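Keep the viewer open as you read.

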Amino acid sequence: MCGIAGFIGESKNPEITFQIINSLFKHLEVRGKDAAGFWGTQAGDGKTLYHKEPGRPSVFIKKPVWQEVEKLNPNLLIVHARESSPGVGHPSNNINNHPFVSSDLNIGLIHNGRIPQYVYDELVKQYQVRSGCDSELLLRIFESGELYDEQDFETEFSNEDTSLASRLMGLRDIWSNAFRAHMAVAIGERLKNGRRLWVFRNDARSLWSVDLRDILGQIFFVSTPEIWQAAIFDSHEVRKFLSTTKIPK
């Protein structure tokens, strides 16, 4: 079991946004204490943010590498608290921890769940992985959508631009090939002129969204509503902001 959370959107109040994601990250530790990591993007031509390491999220959020995130004000951010499974990439080897990223760092993936060993053994014959963690396989399947050309696209994808259609093909292959896996997944993607966030799950794992676009300009996601409630309860400023900010009609 692992914990995942994040958001997408330009914040109307960056201080409140960071307080929320910082508290969510801390409370994700109930679902994973072996490693912590994040991936995100700044608006425009800003930085890609990425770091992971073994250890508890409650310790990780006190480190400068995480505190710097508040100053950078990302418009897309995903965070992960890992509870490693026996035999699936020991967290002391940091390559096994989340997020998993593309070679150019433009894609970051986090996953809560487990791919059955017999499914994994078959799929690694088709997709090259670099770590010992089964979650990386989902990123490599997603990336493989780039190998399709237009005549390969599913009919319902054919009217989309090539970049989007390729990603949809990658998502299709995840569901087709790893449908027996336990999955709650978030994939962030940096584009030339923007960003995308793909969030999905199956019945084997929980995942919740919180729509704060009207008052904060962002949508958040988190593993469970209990973690969201605990995170909000942590901060008087956040509770006050959420209770007193008027939602536009």
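Start at Arg114, a partly exposed residue with a relative accessible area of 29%, where buried means under 20% relative accessible area, exposed over 50% and partly exposed in between (1.4 Å probe, protein chains only). A word on the ground rules: this is a predicted model, in which local features need pLDDT of at least 70 and side-chain atom pairs count only at pLDDT 80 or more, while totals for chains, interfaces and linings use all residues. Residues are numbered from 1 along each chain as its sequence is written, and side-chain values use heavy atoms, with hydrogens and water left out.

Arg114 has a partner, Asp134, and their closest N and O atoms are 3.7 Å apart in a salt bridge (a side-chain nitrogen of Lys or Arg within 4 Å of a carboxyl oxygen of Asp or Glu). The pair links distant parts of the chain, 20 residues apart: Arg114 lies in the loop between strand 6 (107–112) and helix 4 (117–123), and Asp134 in the loop between helix 4 and helix 5 (136–143). Helices (H or I, at least four residues) and strands (E, at least two) are DSSP runs, numbered from the N terminus. Asp134 is buried, at a relative accessible area of 6%.

Elsewhere, salt bridges with shared partners join Glu146, Arg167, Glu189 and Arg196 into one network. How many salt bridges does the rule give? The count comes to 15.

Now turn to strand 6. Six of its six residues are buried, so the strand is largely enclosed by the rest of the structure. In a regular strand the side chains alternate between the two faces of the sheet. Here both faces are covered, with Ile107, Leu109 and His111 buried on one side and Gly108, Ile110 and Asn112 buried on the other.

Which strands pair with strand 6? Strand 5 (residues 100–101) runs antiparallel to strand 6 and is joined to it by two bridges; pairing requires that DSSP finds at least two bridges between two strands. Val101 stands opposite Gly108. In this hairpin, with five residues between the strands, Leu105 takes a positive phi near 70°. Strand 7 (residues 184–191) also pairs with strand 6 in the antiparallel sense, over six bridges, and there His111 stands opposite Val185.
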